[in-house]
Amino acid sequence: MYILYSPDWHYRSTMPIFLFFYGAAFAVVHSFVRFDIGFKVHYVILCLLCIPRMYKYYIYTADVCAKWIAKLYVATLLLGSLFWLCDRVFCKEISQWPINPQGHALWHVFMGLNSYFANTFLMFCRAQQRGWSPKFVRLFGVLPYVKIEKPKSQ
């Protein structure tokens, strides 16, 4: 949330303070009251709050690789949710299969990739806003990351 909304936030100190206390309060309440469905609803709301801002960055980005990474962000969100939902709804049927696809574990894998792609895309957009000439490079020829070349004056 901070990465998404901080460039346009008018009160620089209030957002990090609010997010810190919000996160701390949620962690404390969740540790005492194990609200399973509430946790998932909270996560979905946070994801939905991110989509409009991600779309705003997406439509103003001309870089093909950046757009591809934004699409991977959405695809991993949908795939992770689909695996989790199938695992939840069809748990008894799936557990009788000879090989269990481990939908919950796949949810964690896809959501980890989702977080990585979101932050990589936002890093690129923020560096572009700052005039730092970002470009994508691939770690071991596979995993994209942002390489930034700041101007000498900064």
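Two residues are said to be in contact when heavy atoms of theirs lie within 4.5 Å. With that in hand, welcome to this protein chain, which has six helices and two strands. The structure is a predicted model, in which local features need pLDDT of at least 70 and side-chain atom pairs count only at pLDDT 80 or more, while totals for chains, interfaces and linings use all residues. Residues are numbered from 1 along each chain as its sequence is written, and side-chain values use heavy atoms, with hydrogens and water left out.

**Overall layout**

- From the N terminus on, the elements run α-α-α-α-α-α-β-β; helices (H or I, at least four residues) and strands (E, at least two) are DSSP runs, numbered from the N terminus.
- The C-alpha trace spans about 60 × 40 × 25 Å along its principal axes.
- Among the contacts with a separation of 6 or more, 52% are between residues 24 or more positions apart.

**Surface and charge**

- The accessible surface comes to about 10,800 Å², and carbon and sulfur atoms hold 70% of it; such areas come from the Shrake-Rupley method with a 1.4 Å probe, and for residues only the protein chains shown count as cover.
- Of the 154 residues, 27% are buried; buried means under 20% relative accessible area, exposed means over 50%, and partly exposed is in between (1.4 Å probe, protein chains only).
- There are 16 positive and 6 negative side chains, and the centres of the two sets lie 10 Å apart.
- In that count, Lys and Arg are positive and Asp and Glu negative, with His and the chain ends not counted; the place of a charge is NZ of Lys, CZ of Arg, CG of Asp or CD of Glu.

**Annotated regions**

- An unreviewed UniProt entry carries the annotation "transmembrane region" for residues 12-33, 68-85 and 105-125; its positions are given in the numbering used here, feature names are shortened, and annotations may be inferred rather than shown by experiment.
- Over residues 12-33, the chain is 86% helix and 0% strand, with the end C-alpha atoms 32 Å apart.
- Over residues 68-85, the figures are 100% helix and 0% strand, with the end C-alpha atoms 25 Å apart.

**The largest nonpolar core**

- A nonpolar core is a set of buried Ala, Val, Leu, Ile, Met, Phe, Trp, Tyr and Cys residues joined through side-chain atoms within 4.5 Å.
- The largest such core has 17 residues, of which L4, M54, Y57, Y73, F121, L122 and F136 touch the most other members.
- Two or more residues of this core come from each of α3 (36-59), α4 (64-89) and α6 (103-129), and α6 gives the most, with six residues.
- Beyond its neighbours within four places in sequence, Y73 is in contact with C47, C50, I51, M54, N114, F117 and A118.

**Residues to look up**

- T120 is found in helix α6 and counts as buried because its relative accessible area is 4%.
- Leaving out neighbours within four places in sequence, T120 is in contact with I69, F136, P144, Y145 and V146.
- W107 also lies in helix α6, and its relative accessible area of 18% makes it buried.
- Apart from neighbours within four places in sequence, W107 is in contact with Y43, G80, S81 and W84.
- W107 and W132 are 25 residues apart in sequence, and their C-alpha atoms are 34 Å apart in space.
- K152 is found in the segment after β2 (143-147) and counts as exposed because its relative accessibility is 85%.
- From K152 to F18 the C-alpha distance is 35 Å, and the two are 134 residues apart in sequence.
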